[in-house]
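Hi,

Here is the structure I promised to pass on. Have a look at it, and then read my notes on its charges below.

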Amino acid sequence: MEANKTIFLEQIEDGLATKWLGRTIHFYDKVESTNLLAAELAQEDAPEGVVVLADQQLSGRGRGSRSWHSPAGVGIYCSVILRPQVEPEKGQLITLMAGVSIARAIERQSGLSPRVKWPNDVLINDKKVAGILLEARVSGARIGYAVIGFGINVNNGRGDLPEDIRVNASSLRMELKKTVDRGPLVIKIFSELEELYHNFQCGDLSVILEQWRHYSSTLGQRVRIWRKDKATEGLAVDLTENGGLLVRLAEGKQIVFHAGDIEHLKIL
Ligand code: BTN
């Protein structure tokens, strides 16, 4: 069992099996937001694969205007700089890729059965354990840099989760009923992400889409999708090539969503 944050970092440095991702890690005991720091580094020309990792975040950012509760010593708060040189429309695939990498790594390390929820969540037993936040800068017609940030509730107890999300959120420890080492989990995520990103860079999107479909908790579900204040309901049918969600409405028409907050509707 990892005892503290020093061992957390040492475990990663000792076990890292990637070629380039995570070969430079900026590790902090405490930061405002790893995504914010990674974006600053990217603007200063930090290369692809540089990572910002923290033991605690004071202003962890979530999607929309939400925050990501990031207490010390229990979670993974990590941001990776990528320079994918693709059209902005392909950005969504990076989020999906990160979701699959996290799900696969959790599955391999813990034996739990994680699922991905479109577009950016990882769930275990229908509860959110991880969230992904992609922040990209477009330059011309391409993505100049992308910061892919993920937060994972690893060893949080119930009291380490904010009260307003306790019903729908969980941690690996809470689901597994034992603590999980953060270092080996980070190592596995980096390896999975590096491999999927290689496919992405080669234009081979099929592996990413197939893997996402494999782990999906969204496809085949009745969903409600919120875009601003407007809700649309339908059946989540498939992913598009760019990682959009194809939804069939009651009247049979199909729409592609590229963003939005979704609810899985329980059929009673
Ligand atoms: C969400 O589910 O809304 C996305 C949450 C993303 C949180 C991570 S923690 C590491 C990185 N730094 C941040 O400030 N946010 C992301």
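**Charges and salt bridges**

The chain carries 33 positive and 34 negative side chains, with the centres of the two sets 5 Å apart. Here Lys and Arg count as positive and Asp and Glu as negative, leaving out His and the chain ends; each charge is placed at NZ of Lys, CZ of Arg, CG of Asp or CD of Glu.

Before you go further: this is a predicted model, where local features need pLDDT of at least 70 and side-chain atom pairs count only at pLDDT 80 or more, while totals for chains, interfaces and linings use all residues. Residues are numbered from 1 along each chain as its sequence is written, and side-chain values use heavy atoms, without hydrogens and water.

I get 13 salt bridges in the structure (a side-chain nitrogen of Lys or Arg within 4 Å of a carboxyl oxygen of Asp or Glu). Glu87 takes part in one with Lys90, closest N and O atoms 3.7 Å apart, and in one with Arg142, also at 3.7 Å. Glu87 sits in the loop between strand S3 (75-82) and helix H3 (91-110) and Arg142 in strand S7 (residues 142-153), so this pair ties together parts 55 residues apart in sequence. (Helices are DSSP runs of H or I, at least four residues, and strands runs of E, at least two, numbered from the N terminus.)

Lys90 is buried at 16% relative accessible area, whereas Arg142 is partly exposed at 37% (buried is under 20%, exposed over 50%, partly exposed in between, with a 1.4 Å probe and protein chains only).

Elsewhere, Glu263 pairs with Arg224 at 3.0 Å between the closest N and O atoms, and Arg63, Arg66 and Asp261 form a salt-bridge network.

Cheers
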